[in-house]
Structures are given as structure tokens and as C-alpha cells.
Amino acid sequence: MKIVRRDLVPSGPGSVKMVPDEADDLWIVYNLISEGDSVLAVTVRKVLREAASGGRDAERVKLKLEIKVQSVDYDKEGSVLRIRGKNILENEHVKIGAFHTLEIELHRPFVLRKDIWDSLALDALRQASDPSASADLAVVLMQEGLAHIFLVGKSVTTTRARIEASIPRKHGPAIAGYDKALNKFFENVLQAFLKHIDFKVVRCAVIASPGFTRDQFHRHLLLEAERRQLRPIIENKSRIILVHTTSGYKHSLREVLDAPNVMSIIKDTKAAQEDPARVCYGPKHVEVAHERMAIQTLLITDELFRCSDIATRQKYVNLVNGVKDSGGTVLVFSSMHVSGEQLAQLTGIAAILRFPLPDLDDLEM
């Protein structure tokens, strides 16, 4: 996401002009825009004009509109956000108060105004400008001649690189060029790996593919790391995991995230493994745990922040701020992420506790 301009007061009003560069940015914007905000963008509207013949001709004109948001729809397949609301900007073609739908697409700038830029909105904005800073997991998803590098965060997955190469067939007269082409392809993937994967940020890196491509690349990666003394790879080779997938395309990411040996934050948080009494689920239990200063890590889905009720959103904002102020960690999960789906099935909110609270189970939900 490109942040062009920001003019805001933390916990107060302001506006931000931004341009979504990738499909993942639209998901961040979807979570950032709330009912009651206003969005300013250039749009196209059909306008009727008087024709010389006395009839009316329809003409499409470009105009700048600002609408008060009433609803937002995210079209994942079409990579577009549809924002519906009433126009609040004086315009010769669209009356103030008239309904309009703005479409926010890739590379189309817009301005978002909020009466209150709360801590959750500011966190989303920070993540939008640097999504790699919050990534948990790096994934090299590949097949012969094609590789993608993804950074999987708690809220969003970003595509960092796509590497393509023409690999000759392994059989017949082209076999002589096969090894050379494959090594060149692996070298390009290795360079992208070094550029985009930072083990100081991600917990582990997954190399995934159908067939034996992942094993071949993994061997190439480790051999070249030793030969060239690539310290980031040598020192973190135990954090590189191999996983089988059916393809090297993005839809196979779900197979990676579902794989038993890829650590999901919810499943593999150490406290949850060691002592189930140190985990609680549901708004009431989490609220009581927070009152007792017991929350080490708060887990919450982004869907809870899209609530149109301002008081409910403020309640969750206060909870997040309170957990942070007491030295805890807050992890916001995307409902499009496997971990987020799992958490949504468990009421959408959970906490890992500093110490057990056995009497929580006696509370009525």
C-alpha cells in the first residue's frame, strides 16, 4: 500500500490518502473502513443530457465524489471494494444526499476520513504501509519453472515475488539443457529468498511443492549457503520446513497452512500446549481474565472490529489497549486466514493467560 499523505490526530479526526498496490491491500482497506467514515475518490457516473433533437442522451462523466459510508463489500475475485453511501460533496451531476457506490480498485487513489483514528485503525495503517513487518511465516510455493514467495501475517498474506522460467523436458533431445535451466531457476528463487525472507521477523520458512521440486530446491539452498557462507540460511536451516502441495499457485497456500508440521499460532502457542487451564475463550471469560491482569496474549479476529455499533467496537478497542498497557501481546487474525477461521469457530476471541484461572469455568457465558 502506498500512503500518499496522512493528516490525522491519534484518537482524533483526520484523513489519509492511499493507493492500493496489491490485492492484499484491498483486504486491509476493507478492514480499515467503517460505517460512518467518508471516502473521497474519482468515479464515473452516467449523466443524462439534453440532445439537439430534444431527446436525452446518456453520457459517462468522470467526477470526484465523497460519500458517507453505509456499507462495504469486498470482491476478492474481482479485486475491488464497493463502498455504498450518500454523497456529501457538492457536485453539478450528483446531489448532496444522493446514494452512490464508489469502486476502489488497484492503483486507484482515494482519501479515507475518520472522526476517530483509534489504535486499531492506526495499527492497520502501519501494517498497510509495511505488511512484511508483521509476517509470521514465509512460504516458497513452487513447481518446476514457477515459484511464489508469500509472507503470511496475522491479518493478511502478501505476495513478495513470482519467479518463472522455461524448463526443457527431462526426456529426449532437450535433456542436455534441463539441469542447466533448473539450476538457473533455483538460483533466481534463492536470490528472491534472500531478499524477501528475514528470519528476524518470520518464525519459519516453508518450501512447498508437488513432486520432488521442494527437495531439490532445499538441497540447492543448503549447498549454496555452505559454499557462499550465507549466514541467515546456515543459522536458521532448522526453521525451514518442507510441505507437499498439489501446485505452485496461490490457492495451494491453504494446504501449507493446514499442514500438521506448519505451526499455527493458535495450536502451537507454548502456554496452550503446556497447560490448557491457561487458555480461555469467549468475550465474558476474556473480559474477566483482563480485569484480573491475567492476559499474556489476546487473540481476536478482524471481523469483531467491523462491527457497525460504535460502542461495541470501542469496547474491543479498549480491551486491546488495556492488554497492551498491561504488558500483553495482541494478535489480530484475518477471517481469510486458516488461523482466523479456527478462532472464529471459537467465538472470535481468546486469550493465553499468564497464570491459570480455574474458576473461570464457573462463570455463566
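Is aspartate 73 buried, partly exposed or exposed, and what is its relative accessible area? In this predicted model, aspartate 73 is partly exposed, with a relative accessible area of 36%.

**View 1. Arginine 84 and aspartate 73 form a salt bridge.** The closest N and O atoms of arginine 84 and aspartate 73 are 2.4 Å apart. The pair links distant parts of the chain, since arginine 84 belongs to strand E5 (residues 80-87) and aspartate 73 to strand E4 (residues 56-75), 11 residues apart.

**View 2. Glutamate 103 and arginine 82 meet through their side chains in a salt bridge.** The N to O distance is 3.1 Å. Glutamate 103 counts as partly exposed at 32% relative accessibility, and arginine 82 is partly exposed with a relative accessible area of 26%.

**View 3. Lysine 237 and glutamate 226 are joined by a salt bridge between their side chains.** Here the N to O distance is 4.0 Å. Lysine 237 sits in the loop between helix H5 (231-234) and strand E12 (240-244), whereas glutamate 226 is in helix H4, 11 residues apart.

**View 4. Leucine 221 is a buried residue of helix H4 (residues 213-228).** Leucine 221 counts as buried because its relative accessibility is 0%. Beyond its neighbours within four places in sequence, leucine 221 is in contact with Leu190, Phe193, Ile207, Ile233 and Ile240. Phenylalanine 193 is 28 residues from leucine 221 in sequence, and their C-alpha atoms are 9.4 Å apart in space.

Note on methods:
Residues numbered from 1 in each chain as written. Predicted model: local features only at pLDDT ≥ 70, side-chain atom pairs only at ≥ 80, totals over all residues. Heavy atoms only, no water. Helix = DSSP H or I, 4+ residues; strand = E, 2+ residues; numbered from the N terminus. Buried < 20%, exposed > 50% of the residue type's maximum accessible area, 1.4 Å probe, protein only. Contact = heavy atoms within 4.5 Å.
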